[in-house]
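Take a look at the protein below.

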Amino acid sequence: RISSLWRLSNSGPIDDQGLKLERYAEIIYDNGLKNMPIFLSSDDSKIKKELKSLLGNNVSIYSAKQKERTGYDQVNFNRLGPKLRWEEVVFFLFELEMMANSTYFVGGSPSNVFYWTRYRRGNRNVLDAGGGDSSV
């Protein structure tokens, strides 16, 4: 059993429309997910540390090993060589599979990744931090 969380940075060209990390923490607490391991997917490496400070040290938060990230930028992605672009795509597909197959998924509805994951899960155990539809 694992819960997954998707959150975009607020620093990239496309942000998640001001969704605050506190809202994600609130959903985790309110739905009893704090005792489950959390797999965090984000385009911002700082999110893990910030979420840990909100939820406390007893919470297990994991993310795929990745380089330091500060947001997604399509122009920078396009500048990568073919091998690095392929690695980035495979990494993203891995994260999508983790979100689709976790016990619960917490994300923000302004994100297309949220809608893709929600579709893949058949809207089961999807918690929306952004659209007001936080029914399980």
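Which residues in helix α2 (residues 46–55) are buried? They are Ile47, Leu51 and Leu55. Buried means under 20% relative accessible area, exposed over 50%, and partly exposed in between, with a 1.4 Å probe and protein chains only. Seen down the axis of α2, the buried residues fall within an arc of 60°, so they line one face of the helix. That arc is taken from the directions from the helix axis to the C-beta atoms. An α-helix has 3.6 residues a turn, so residues three or four places apart point the same way. Lys49 and Ser53 are exposed, on the face of α2 turned away from its buried side. Just after α2, Gly56 has a positive phi of about 100°.

This is a predicted model, where local features need pLDDT of at least 70, side-chain atom pairs count only at pLDDT 80 or more, and totals for chains, interfaces and linings use all residues. Residues are numbered from 1 along each chain as its sequence is written, and side-chain values use heavy atoms, leaving out hydrogens and water.

Now bring in a partner. Helix α1 (residues 21–30) packs with α2 at an angle of about 50°, their axes 10 Å apart. In α1, Leu21, Glu22, Ala25, Ile28 and Tyr29 meet Ile47, Glu50, Leu51, Leu54 and Leu55 of α2, with contact meaning heavy atoms within 4.5 Å.

Step back to the whole chain. The protein has five helices and five strands. These are DSSP runs: helices are H or I, at least four residues, and strands are E, at least two, numbered from the N terminus. Along the sequence, the pattern is β-α-β-α-β-α-α-β-α-β. Of the 136 residues, 40% are buried.

Terms used:
Axes are lines fitted to C-alpha atoms, for helices over the stretch in contact, and angles run from 0 to 180 degrees between N-to-C directions.
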